[in-house]
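This briefing covers a helix, a pair of aromatic rings and a pocket. Please look over the sequence and the model before reading on.

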Amino acid sequence: MAAPGAGDPLNAKSGEAPLAQRIDPTREKLTPAQLQFMRQAQLTQWQKTLPQRRTRNIVTGLSIGALVLAIYGYTFYSVSQERFLDELEDEAKAARARAAERASAS
């Protein structure tokens, strides 16, 4: 009896092609031709998924960039809205004016 996946390309019982088996090249001895075929198959798969990955990477980069710009913009907006320093300056001016009045009254 032949090894699974070897011999007849179609399973005689169901008429389906046998499933690909995962091979660990570190455990099994493979010929240089088999290793070259594996590299070629991996390269083909990588090239097939490259446009999809590139699109995802662009979308992810733009999303992260938009988030950074939003945080940066919000920080500037919120700092420009802070008026507590203005209030402190007004209180300091009023305190100086009172001190000047007391000094001139004495």
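Is Phe76 buried or exposed? The model is predicted, and in it Phe76 has a relative accessible area of 52%, so this residue counts as exposed, the cut-off being over 50%.

**Aromatic pair**
- The structure holds 1 aromatic pair.
- Its members are Tyr72 and Phe76, arranged edge-to-face, with 4.9 Å centre to centre and 75 degrees between the planes.
- Both residues belong to helix α1, where they sit 4 residues apart, about one turn of the helix.
- Tyr72 is likewise exposed, because its relative accessibility is 52% and the cut-off is over 50%.

**Helix α1**
- Helix α1 covers residues 32-81, which makes 50 residues.
- From first C-alpha to last, α1 reaches 69 Å, close to the 74 Å expected at 1.5 Å a residue.
- At Leu50 the helix α1 bends by about 45 degrees, and a proline, Pro51, follows within four residues.

**Largest pocket**
- The largest pocket holds about 390 Å³ of space.
- Its lining includes Ala20, Gln21, Arg22, Ile23 and Leu30.
- Also among the lining residues are Gln34, Phe37, Met38, Ala41, Gln42 and Gln45.
- By type, the lining of the largest pocket divides into 6 nonpolar, 4 polar and 1 charged residues.

Conventions
Residues numbered from 1 in each chain as written. Predicted model: local features only at pLDDT ≥ 70, side-chain atom pairs only at ≥ 80, totals over all residues. Heavy atoms only, no water. 1 Å grid on protein atoms, 1.4 Å probe; cavity = no way out; pocket = protein on both sides within 12 Å on 5 of 7 lines; lining within 4 Å. Points joined across faces, edges and corners; volume = space filled by probe spheres on them. Nonpolar A, V, L, I, M, F, W, Y, C, P; charged D, E, K, R; others polar. Helix = DSSP H or I, 4+ residues; strand = E, 2+ residues; numbered from the N terminus. Expected span 1.5 Å × (residues − 1). Bend = angle between axes of the 7 residues up to and from the residue. Phe/Tyr/Trp six-rings, centres within 6.5 Å; stacked < 30°, edge-to-face > 60°. Buried < 20%, exposed > 50% of the residue type's maximum accessible area, 1.4 Å probe, protein only.
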